[in-house]
Amino acid sequence: MNSRILVFCLPCFILGSLLSSSAQARPRFYAEPQTIKGLSAPDCDLDETALRQQLLKSLDARPEITTSFPGTKPESPKKLKRLLRRKRLKGYAFSLRLVTCKHSVLPPEPGKTYKRLFTEVSVALEGETIPAGQMAIAGTGSAKVGVEISRLKATERKQLYGEALEAALSQAVGQTIGKLSGGKKTKRRRAKRRRRRKAKSSK
């Protein structure tokens, strides 16, 4: 008997509600996955291919982001900058690093028969501006997923790692986009304060 018993990823519930509320948003960011760094850990079932695929999936799930370049991507940085500006998009190249990838098998809870298999994944996401290549934003995410098992199966452990990775990346991407969106509001507030100070000083 196998049944999912928990996911430790509280921010994911908040991010999910934000995602559904902005489902009609026009893409404002162009995202391009670049460097993917895995982790040499015993029995870690997440290779660089799995990391890249899930990163693309997590980015595409956000209505504010597009991973499809609008038209033919220019080789010239100046032309690329002009094209992104014309499309009203800000470009970011993302690097993903797998920080934690581990699993554990715990004895049954009191009064129960089955053991518990847990997988834990944490990731770090960094974004550089396109085409300038300047470090602009970072986000992190972590998740721990558990299931009751009668015996340990490699296929089920791999599936659990995938679920934990999906939850951790959803958190990291949401945190990153939240910072990007919040940064614009912060700049506006600062500009308003400066205008107010100037108005007061001129009186």
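Which residues are linked with E109 in a network of salt bridges? E109, K112, R116 and E148 form this network, which is the subject of one of the legends below. The structure is a predicted model, in which local features need pLDDT of at least 70 and side-chain atom pairs count only at pLDDT 80 or more, while totals for chains, interfaces and linings use all residues. Residues are numbered from 1 along each chain as its sequence is written, and side-chain values use heavy atoms, with hydrogens and water left out.

**Figure 1. Overall architecture of the protein.** The secondary structure consists of four helices and six strands, where helices (H or I, at least four residues) and strands (E, at least two) are DSSP runs numbered from the N terminus. Along the sequence their order is β-α-β-α-β-α-β-β-β-α. Among the 203 residues, 36% count as buried; buried means under 20% relative accessible area, exposed over 50%, and partly exposed in between (1.4 Å probe, protein chains only). Of the contacts (heavy atoms within 4.5 Å) with a separation of 6 or more, 75% are between residues 24 or more positions apart.

**Figure 2. The nonpolar cores.** A nonpolar core is a set of buried Ala, Val, Leu, Ile, Met, Phe, Trp, Tyr and Cys residues joined through side-chain atoms within 4.5 Å. In soluble globular proteins, nonpolar side chains tend to be buried together. The largest core here has 34 residues, and L46, L55, L96, L98, V121 and V123 are those with the most contacts inside it. At least two core residues are supplied by each of β2 (29-37), α2 (48-60), β4 (90-106), β5, β6 (135-149) and α4 (154-202). Helix α4 gives the largest share, eleven residues. Beyond residues up to four places away in sequence, L96 touches T35, I36, K37, L51, L55, V123, A124, L125 and L169. A second, separate core of eight residues includes Y30, L84, L89 and I130.

Figure 3. A pair of aromatic rings is described by the distance of the centres and the angle of the planes. Rings of Phe, Tyr and Trp (its six-membered ring) pair if their centres lie within 6.5 Å; planes under 30 degrees apart count as stacked, over 60 as edge-to-face and the rest as tilted. Three aromatic pairs are counted by this rule. The ring centres of Y92 and F94 are 6.5 Å apart and the planes are at 40°, so this pair is tilted. Y92 is buried at 9% relative accessibility, and F94 is buried at 2%. Together with F29, these two residues form one aromatic cluster.

**Figure 4. A lysine charge over the ring of F118.** The charged end of K144 sits over the F118 ring, 5.1 Å from its centre. A charge sits over a ring if NZ of Lys or CZ of Arg is within 6 Å of the ring centre and within 35 degrees of the ring normal.

Figure 5. S122 belongs to strand β5 (residues 115-130) and is buried at 14% relative accessibility. Its side chain is joined to that of T100 by a polar contact of 2.7 Å. A polar contact is a pair of N or O atoms within 3.5 Å; within protein, one must be able to donate a hydrogen and the other to accept it, and residues adjacent in sequence count only if both atoms are side-chain atoms. Leaving aside neighbours within four places in sequence, S122 is in contact with R97, L98, V99, T100, G141 and S142.

**Figure 6. The salt bridge between D43 and R157.** A salt bridge is a side-chain nitrogen of Lys or Arg within 4 Å of a carboxyl oxygen of Asp or Glu. The whole structure contains eight salt bridges. In the bridge of D43 with R157, the closest N and O atoms are 4.0 Å apart. D43 lies in the loop between β2 and α2 and R157 in helix α4, so the pair ties together parts that are 114 residues apart in sequence. D43 is partly exposed at 44% relative accessibility, whereas R157 is buried at 12%.

Figure 7. K112 forms a salt bridge with E109, the closest N and O atoms being 3.5 Å apart. A salt bridge also joins K112 to E148, with the closest N and O atoms 3.6 Å apart. The latter pair links distant parts of the chain, since E148 is in strand β6 and K112 in the loop between β4 and β5, 36 residues apart. E109 is partly exposed at 35% relative accessibility, as is K112 at 47%, whereas E148 is buried at 9%. R116 is also part of this network.
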